[in-house]
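Here are my notes on the model you asked about, written as numbered points. Keep the structure open beside you as you read.

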Amino acid sequence: MSKWIMIYDECYEEIVQEIKKTREEKYTQKEFSQKLGISQKTVSCYENCRNEMNIKLLAEICEILDINFMKRMEIFFKAYSSKKKKKK
């Protein structure tokens, strides 16, 4: 079992959809994958939530696409925090 927590929830999917929409306006998957130094298949897997991005890659993607990374993380942490409080 992996020591990493998978966060495929609505909040993560919203972030991924924003990334995909913005990427489609600026780059093809091939162009974007070349900018990131990863395969086109990997970009597709991220955009379809088949693989989860690590935080460094997510920050790099946001920078390339001019997406406010800190705002996205704030939204994620607020959503995650409220879910955690509901479980108590």
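**Notes on salt bridges, helix packing and cysteines**

1. K78 and E74 sit four residues apart in helix 5, about one turn of the helix; helices here are DSSP runs of H or I at least four residues long, numbered from the N terminus. The two side chains form a salt bridge, and their closest N and O atoms are 3.1 Å apart. A salt bridge here means a side-chain nitrogen of Lys or Arg within 4 Å of a carboxyl oxygen of Asp or Glu. K78 is exposed at 55% relative accessibility, whereas E74 is partly exposed at 44%. For these words, buried is under 20% relative accessible area, exposed is over 50%, and partly exposed is in between (1.4 Å probe, protein chains only).

2. A word on where the values come from: this is a predicted model, in which local features need pLDDT of at least 70 and side-chain atom pairs count only at pLDDT 80 or more, while totals for chains, interfaces and linings use all residues. Residues are numbered from 1 along each chain as its sequence is written, and side-chain values use heavy atoms, with hydrogens and water left out.

3. How many salt bridges does the structure hold? There are three. One of them joins R72 to E18, with the closest N and O atoms 3.0 Å apart. This pair links distant parts of the chain, since R72 belongs to helix 5 and E18 to helix 1 (residues 10-26), 54 residues apart. R72 is buried at 12% relative accessibility, while E18 is partly exposed at 28%.

4. It is worth looking at the surroundings of R72 too. This residue lies in helix 5 (residues 69-87). Not counting residues up to four places away in sequence, R72 touches E14, I15, E18 and I67; contact means heavy atoms within 4.5 Å.

5. Next, please look at R23 and E47, which form a salt bridge with their closest N and O atoms 2.8 Å apart. Here, too, distant parts of the chain are linked: R23 is in helix 1 and E47 in helix 3 (residues 40-47), 24 residues apart.

6. On the helix 1 side, I15, I19, T22, R23 and K26 meet L58, I61 and L65 of helix 4.

7. I64 is another residue of helix 4, partly exposed at 23% relative accessibility. Beyond its neighbours within four places in sequence, I64 contacts Y27, F32, K35 and L36. I64 and F32 are 32 residues apart in sequence, with their C-alpha atoms 9.1 Å apart in space.

8. Finally, the cysteines. The structure holds zero disulfides, a disulfide being a pair of cysteine sulfur atoms within 2.5 Å. C45 is buried, at 10% relative accessible area, and C49 counts as buried at 18%.

Technical notes. Helix = DSSP H or I, 4+ residues; strand = E, 2+ residues; numbered from the N terminus.
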